[in-house]
Amino acid sequence: MWPETVAVTGAGSGIGRAVLVAAAARGARVAALDVDASAATAAAAAARAAGAADAVAVACDVSSEASVATAFAAVADAVGDPGAVFANAGIEVNAPVHAFPAADWERVVAVNLVGVFLTCREALRRLVDAGRGGSVVCTSSPAAFVGHSGGGNSAYAASKGGVSAFVRSAALDYAPHGIRVNAVVPGATDTAMLTAGGADPDRIRAAAATQVPLGRLGRPDEVAAAVLWLLSEESSYVTGSHLVCDGGLMAKSANDF
Ligand SMILES: NC(=O)c1ccc[n+]([C@@H]2O[C@H](COP(=O)([O-])OP(=O)(O)OC[C@H]3O[C@@H](n4cnc5c(N)ncnc54)[C@H](O)[C@@H]3O)[C@@H](O)[C@H]2O)c1
């Protein structure tokens with residue numbers, strides 16, 4: 001059975017927006033949570049156009065305990081408590097460790113890891129209370145498993161490694177409740193994040209694509225298809241898992257000589 005209500009963090013852009021719209025196209029009621037309120041509003045409008053039974057936009061900073069609690073209360077009022085939640089909001093700041101400002105390092109961990117914890121905590125409390133099971137999906141990254149040859153990725157990698165460990169641990173805690181917790185591992189996906197901070201987005205896209213065995217970047221809708229499977233009952237026997245959607249990137253040895 002497809003969940004009636006789906007909440008997505010980081011829904012204003014990229015992978016989150018693609019998941020929101022894909023869930024809407026299946027007729028779900030959807031909630032678009034994003035720190036960028038206008039992006040969330042636009043995503044909710046796109047979800048309505050795609051066929052959502054209902055759609056609400058909620059401003060939410062996932063790194064703030066109060067903001068996440070307020071946002072989930074607003075979602076419950078507007079469209080009901082979600083049976084499926086995609087904890088996806090993330091940021092990337094890169095610098096070599098010796099030059100990394102502590103505030104920037106902490107901000108990456110606050111959004112990517114603490115934000116996943118706060119989102120999942122709110123979701124899980126409500127799912128446990130409802131007593132009908134459910135599905136939570138978190139966004140990890142290849143950086144959780146392998147080093148990024150571009151360098152400077154310590155904060156992002158540590159945050160995503162934390163997300164992957166969190167998912168395995170939470171999956172065990174909530175399996176007795178019939179609530180599944182999984183991660184999606186997108187590869188180089190063509191979103192704002194991929195080219196953020198770069199002077200030449202086309203050069204970054206082309207360079208990234210050459211690293212991928214399938215020879216191209218991933219599209220947000222391709223990652224969304226993987227996430228929708230995890231959110232749905234089609235993956236009813238899958239928990240504590242990572243679904244890698246990366247065009248073969250992580251299967252590749254660096255020793256290409
Ligand atoms: N694009 C890739 O290549 C790639 C690869 C692996 C993993 N990821 C992960 O996928 C997820 C989505 O990224 P994307 O590529 O769609 O990027 P994106 O920049 O297009 O979207 C990220 C969204 O998160 C929102 N956001 C940022 N900080 C937030 C906060 N504190 N609270 C709420 N929302 C916040 C942004 O406003 C934005 O709408 C991230 O967790 C990212 O780390 C992306």
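Q: Is S159 buried or exposed?
A: A residue is judged by its relative accessible area: buried means under 20%, exposed over 50%, and partly exposed lies in between (1.4 Å probe, protein chains only). S159 has a relative accessible area of 0%, so S159 is buried. This is a predicted model, in which local features need pLDDT of at least 70 and side-chain atom pairs count only at pLDDT 80 or more, while totals for chains, interfaces and linings use all residues. Residues are numbered from 1 along each chain as its sequence is written, and side-chain values use heavy atoms, with hydrogens and water left out.

Q: In which helix is S159 found?
A: Helices (H or I, at least four residues) and strands (E, at least two) are DSSP runs, numbered from the N terminus. S159 belongs to helix 5, which spans residues 154-174.

Q: Which residues does S159 touch?
A: Contact means heavy atoms within 4.5 Å. Not counting residues up to four places away in sequence, S159 touches V108, V109, N112 and L113.

Q: With which side chain does the side chain of S159 make a polar contact?
A: A polar contact is a pair of N or O atoms within 3.5 Å; within protein, one must be able to donate a hydrogen and the other to accept it, and residues adjacent in sequence count only if both atoms are side-chain atoms. For S159 the partner is the side chain of N112, at 3.2 Å.

Q: At what angle do the axes of helix 4 and helix 5 cross?
A: Axes are lines fitted to C-alpha atoms, for helices over the stretch in contact, and angles run from 0 to 180 degrees between N-to-C directions. The axes of helix 4 and helix 5 cross at roughly 15° and come within 8 Å of each other. That makes helix 4 roughly parallel to helix 5. The cut-offs are these: angles under 35 degrees count as roughly parallel, over 145 as roughly antiparallel, 65 to 115 as roughly perpendicular and the rest as oblique.

Q: Is the crossing of helix 4 and helix 5 left-handed or right-handed?
A: A crossing is left-handed if the near helix is turned anticlockwise from the far one by less than a right angle, and right-handed if clockwise. Helix 4 passes helix 5 in a right-handed crossing.

Q: Which residues of helix 4 and helix 5 meet?
A: Helix 4 contributes W105, V108, V109, N112, L113, V116, F117, C120, L124 and V128, and helix 5 contributes S154, A155, Y156, A158, S159, K160, G162, V163, F166 and Y174. By class, this contact has 15 nonpolar, 4 polar and 1 charged residues. Here Ala, Val, Leu, Ile, Met, Phe, Trp, Tyr, Cys and Pro count as nonpolar, Asp, Glu, Lys and Arg as charged, and the others, Gly among them, as polar.

Q: How do helix 3 and helix 4 pack, and at what angle?
A: Helix 3 (residues 65-79) and helix 4 (residues 102-130) pack at an angle of about 40°, with axes 9 Å apart. The two helices are therefore oblique to each other. Their crossing is right-handed. In the contact, E65, V68, A69, F72, A73 and A76 come from helix 3, and L118, T119, R121, E122, A123 and R126 from helix 4. These residues divide into 7 nonpolar, 1 polar and 4 charged.

Q: At what angle do helix 1 and helix 8 cross?
A: Helix 1 (residues 14-25) and helix 8 (residues 220-231) cross at roughly 60°, and their axes come within 8 Å. That makes helix 1 oblique to helix 8. The crossing is right-handed. Among the contact residues are I15 and A18 of helix 1 and V223 and L228 of helix 8. The classes are 11 nonpolar, 1 polar and 1 charged.

Q: Where does L217 lie?
A: L217 is in the loop between helix 7 (201-211) and helix 8. With a relative accessible area of 11%, L217 is buried. L217 and G247 are 30 residues apart in sequence, and their C-alpha atoms are 7.7 Å apart.

Q: In which strand is R29 found, and what does the side chain of R29 contact?
A: R29 is in strand 2 (residues 29-34). R29 is partly exposed, with a relative accessible area of 29%. The side chain of R29 makes a polar contact with the side chain of T5, at 3.4 Å.

Q: Which does A251 count as, buried or exposed?
A: A251 counts as exposed, at 71% relative accessibility. A251 is placed in the segment after strand 7 (242-245).
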